[in-house]
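The sequence and structure are shown first.

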Amino acid sequence: MIKKWLWGTALTLALVVTGVIVYYGYSIVHFANSISTAASSDSPNSSNASNSTESSDTPKVVIPKWDGKERVNILLIGGDSRGDDAGRSDSVMVASIDPVSKKAHLFSVLRDTYVDIPGHGKSRLNAAFSYGGAELTKQTVSNLLGIPIQHYVYTDFTGFMALVDALDGIDIDVEKDMYYTSKADKHMYDIDLKKGLQHMDGKTALQYVRFRHDATSDFTRTQRQRIFMTELAKKMQSTTSLFKIPEMLEAIAPYIKTDLSPTQMLKLASLGFDIRVNEIDQQQIPPNKLLTNERAGSAQVLGVNVPKLQAYIQKLFEEDNPSPSDGSATGESQEGVSHHN
């Protein structure tokens with residue numbers, strides 16, 4: 001009798017887990033198709049659609065594994081668009097993942113870096129978005145860092161807040177009081193945070209990652225953005241958050257655009273869960289030692305020695321997969337070293 005009860009319980013659990021996986025898989029595929037600007041023919045289910053004899057009401061989803069060996073570099077753009085104004089890029093980050101070593105870097109690219117914007121001459125980096133959107137920003141950052149950036153993901157203030165709220169907030173230890181007010185936005189994006197550990201909803205989290213009205217300006221702001229992204233990744237990998245995936249994806253889909261195809265997003269999602277979040281290398285780019293203060297007309301900008309910056313990035317990547325002659329007897333990847341600036 002006990003054996004029958006145990007077997008029945010195990011079977012019930014198996015059915016529940018299978019149902020959850022199918023439901024989440026369907027939600028992820030639906031989300032990927034809704035935000036992707038890539039061709040719909042790349043949908044994970046499209047190749048079998050015409051040959052399928054199953055009911056269209058029964059989703060059959062297979063989450064593919066990332067099978068490439070080349071490093072993946074993805075541009076993360078946070079826009080400051082308001083209504084019909086496309087705005088500039090409020091934050092520019094690059095996530096770089098080595099699929100072999102499973103090591104990742106998160107670069108915050110200073111938006112005031114004085115760069116060559118293809119077709120528009122030299123200007124601050126954040127102007128690239130207003131000139132040519134995500135694609136031109138992707139090309140500009142790729143030229144600056146000397147690496148191929150294959151894809152981008154873009155969201156604005158509303159999308160950012162929707163994501164945090166869908167995850168029921170993020171816990172952040174605020175390092176100091178932060179206050180800023182602006183009539184230009186009718187006080188919609190005023191900042192008023194107190195020092196100490198806080199559970200932040202979407203609105204307060206946006207205040208935290210945007211604050212730059214102090215002596216260190218964008219330097220500590222980008223550091224806060226990296227801290228937030230790391231905490232966000234931890235929260236999304238938690239068991240509790242996994243059960244919120246369908247609700248979360250539905251909430252943020254209207255505010256996110258990407259040139260990743262649905263299949264690529266699913267593969268990246270599987271790769272992302274192999275990354276050890278606590279070991280992600282987080283850096284400000286360009287690092288302080290490669291920055292110079294320059295003037296462009298009457299404006300103060302951040303200059304950088306581009307060849308030295310590109311050599312710096314390549315050295316970081318080489319450390320992800322050191323050769324045996326570099327001290328690895330087996331040729332396997334060594335533990336990464338975090339660099340902070």
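## Overall

The model is predicted. The protein contains ten helices and 14 strands. Of its 341 residues, 44% count as buried. Among contacts between residues at least 6 apart in sequence, 67% join residues at least 24 apart.

## Helix α4

Helix α4 covers residues 157-166. This helix is mostly covered, with seven of its ten residues buried. The buried residues are F157, G159, F160, A162, L163, V164 and A166.

At the start of α4, a side-chain oxygen of D156 comes to within 3.2 Å of the backbone nitrogen of T158. Just after α4, D168 has a positive phi of about 65 degrees.

## Packing of α4 against α5

Two packed helices are described by the angle and the distance between their axes. Here the partner is α5, residues 202-210, and the two axes come within 8 Å and cross at roughly 125 degrees.

On the α4 side, the contact is made by F157, F160, M161, V164 and D165. These meet G202, K203, A205, L206, V209 and R210 of α5. By class, the residues of this contact divide into seven nonpolar, one polar and three charged. Among the α4 residues in the contact, F157, F160 and V164 are buried.

Key:
Residues are numbered from 1 along each chain as its sequence is written. This is a predicted model: local features need pLDDT of at least 70, side-chain atom pairs count only at pLDDT 80 or more; totals for chains, interfaces and linings use all residues. Side-chain values use heavy atoms; hydrogens and water are left out. Axes are lines fitted to C-alpha atoms, for helices over the stretch in contact, and angles run from 0 to 180 degrees between N-to-C directions. Helices (H or I, at least four residues) and strands (E, at least two) are DSSP runs, numbered from the N terminus. Contact means heavy atoms within 4.5 Å. Ala, Val, Leu, Ile, Met, Phe, Trp, Tyr, Cys and Pro count as nonpolar, Asp, Glu, Lys and Arg as charged, and the others, Gly among them, as polar. Buried means under 20% relative accessible area, exposed over 50%, partly exposed in between (1.4 Å probe, protein chains only). A polar contact is a pair of N or O atoms within 3.5 Å; within protein, one must be able to donate a hydrogen and the other to accept it, and residues adjacent in sequence count only if both atoms are side-chain atoms.
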